[in-house]
Amino acid sequence: MTDLHDKTVLVTGAGGGFGRHMVQQFRAAGAILLLTDISDGALAHAIDDAGSDLVGCVATDLATEVGSRAVAEMCASLGAPDVLVNNAGIAVAGRSDCVPQERWETLMQLNLLAPMRLCNLFLPQMVERGSGHIVNISSIAGWLGSQGLSAYCASKYGLRGFGESLARDLHGIDVHVT
């Protein structure tokens, strides 16, 4: 999608570095913005960056199914976003057997399952209207394994595979993994 003017863009992880830059770029392109991050504090600067182009925001934990549903509820009156940017994510470093299970499970919930949940929540409406764009933010870790980052790499490999497979399943919906 080259013309984002008046297109609704949902950015997850909007309060972090990449998220805030995307908010600024989407605003400059004339997009209508929906933002989410884990806390009001994390969202505060992104909300300022969005200015009058912000139509909705929610602080929620996307590592939970409840968090994804909160985002869907925020979007309910607007319909599915034109562009879904699955940017939220965390990293956990350390040798796999030294990372507590709870930490890598949370990482997998946020980095892989949250984008899958959000796609499943918004895809039916995108398919029905015959247009939409999904951007899954991966990293080089989705292409190459790295020492001490096994859970992170697994989540990003999974996200890449999910996005590539989804792109082959859909017509009229663009899916990008970056």
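Trainee: Which residues line the largest pocket?

Mentor: Bear in mind that this is a predicted model. In it, the largest pocket is lined by Gly13, Asp37 and Ile38, by Thr60, Asp61, Leu62 and Ala63, by Ala88, Gly89 and Ile90, and by Thr106 and Leu110. Its volume is about 200 Å³, and by class its lining has 6 nonpolar, 4 polar and 2 charged residues.

Trainee: What makes a residue such as Gly13 part of the lining of the largest pocket?

Mentor: A lining residue must have an atom within 4 Å of a point of the pocket, and Gly13 is listed in the lining of the largest pocket.

Trainee: What is known of the second largest pocket, and which element gives the most to its lining?

Mentor: The second largest pocket has a volume of about 160 Å³. Of the 14 residues that line it, Phe18, Asn87, Gly89, Tyr152 and Lys156 are the closest to its centre. Both α1 (17-28) and α5 (150-169) supply at least two residues of this lining, and α1 gives the most, with 3 residues. By class, the lining of the second largest pocket has 6 nonpolar, 7 polar and 1 charged residues.

Trainee: How many cavities of 30 Å³ or more are there, and what makes a space a cavity instead of a pocket?

Mentor: A cavity is a set of points where a 1.4 Å probe fits but cannot get out, whereas a pocket is an open set. By this rule the count comes to 1 cavity of 30 Å³ or more, and about 40 Å³ of space lies in the largest cavity. Thr12, Leu62, Asn86, Asn87, Ala88, Leu110, Ala114, Pro115 and Leu118 line the largest cavity, with the largest share, 4 residues, coming from α4. This lining divides into 6 nonpolar, 3 polar and no charged residues.

Trainee: Why is the count of disulfides 0?

Mentor: A disulfide needs a pair of cysteine sulfur atoms within 2.5 Å. The cysteine sulfur closest to that of Cys75 is in Cys57, at 11 Å, which is too far for a bond. For Cys119 the closest cysteine sulfur is in Cys75, at 13 Å, again too far for a bond. By this rule the count comes to 0 disulfides.

Trainee: And why are Cys75 and Cys119 called buried?

Mentor: The cut-off for buried is under 20% relative accessible area. Cys75 has 1% relative accessibility, so Cys75 counts as buried, and Cys119, with a relative accessible area of 0%, is therefore buried as well.

Trainee: Which residues have the most contacts inside the largest nonpolar core?

Mentor: They are Leu10, Val71, Leu84, Phe122, Leu123, Ile134 and Leu166, in a core of 24 residues. The elements that give two or more residues to this core are α3 (65-75), α4 (101-129), α5 and β6 (173-177), and the largest share, 7 residues, comes from α4. Leu123 touches Ile134, Leu166, Leu170 and Ile173, not counting residues up to four places away in sequence.

Trainee: How do you know whether Asn136 and Asp48 are buried or exposed?

Mentor: Asn136, found in strand β5 (residues 132-136), has 0% relative accessibility and so counts as buried. Leaving aside its neighbours within four places in sequence, Asn136 is in contact with several residues, including Asn86, Pro115, Phe162 and His176. Asp48, which lies in helix α2 (residues 40-50), has 58% relative accessibility; exposed means over 50%, so Asp48 counts as exposed.

Trainee: What makes phi of Asp6 worth a remark?

Mentor: Phi of Asp6 is near 65°, a positive value in a residue other than glycine, and Asp6 lies in the segment before β1 (8-12).

Technical notes
Residues are numbered from 1 along each chain as its sequence is written. This is a predicted model: local features need pLDDT of at least 70, side-chain atom pairs count only at pLDDT 80 or more; totals for chains, interfaces and linings use all residues. Side-chain values use heavy atoms; hydrogens and water are left out. Buried means under 20% relative accessible area, exposed over 50%, partly exposed in between (1.4 Å probe, protein chains only). On a 1 Å grid over the protein atoms alone, a cavity is a set of points where a 1.4 Å probe fits but cannot get out, and a pocket is an open set with protein on both sides within 12 Å along at least five of seven lines; lining residues have an atom within 4 Å of a point. Grid points are joined across faces, edges and corners, and a volume is the space filled by probe spheres set on the points. Ala, Val, Leu, Ile, Met, Phe, Trp, Tyr, Cys and Pro count as nonpolar, Asp, Glu, Lys and Arg as charged, and the others, Gly among them, as polar. A nonpolar core is a set of buried Ala, Val, Leu, Ile, Met, Phe, Trp, Tyr and Cys residues joined through side-chain atoms within 4.5 Å. Contact means heavy atoms within 4.5 Å.
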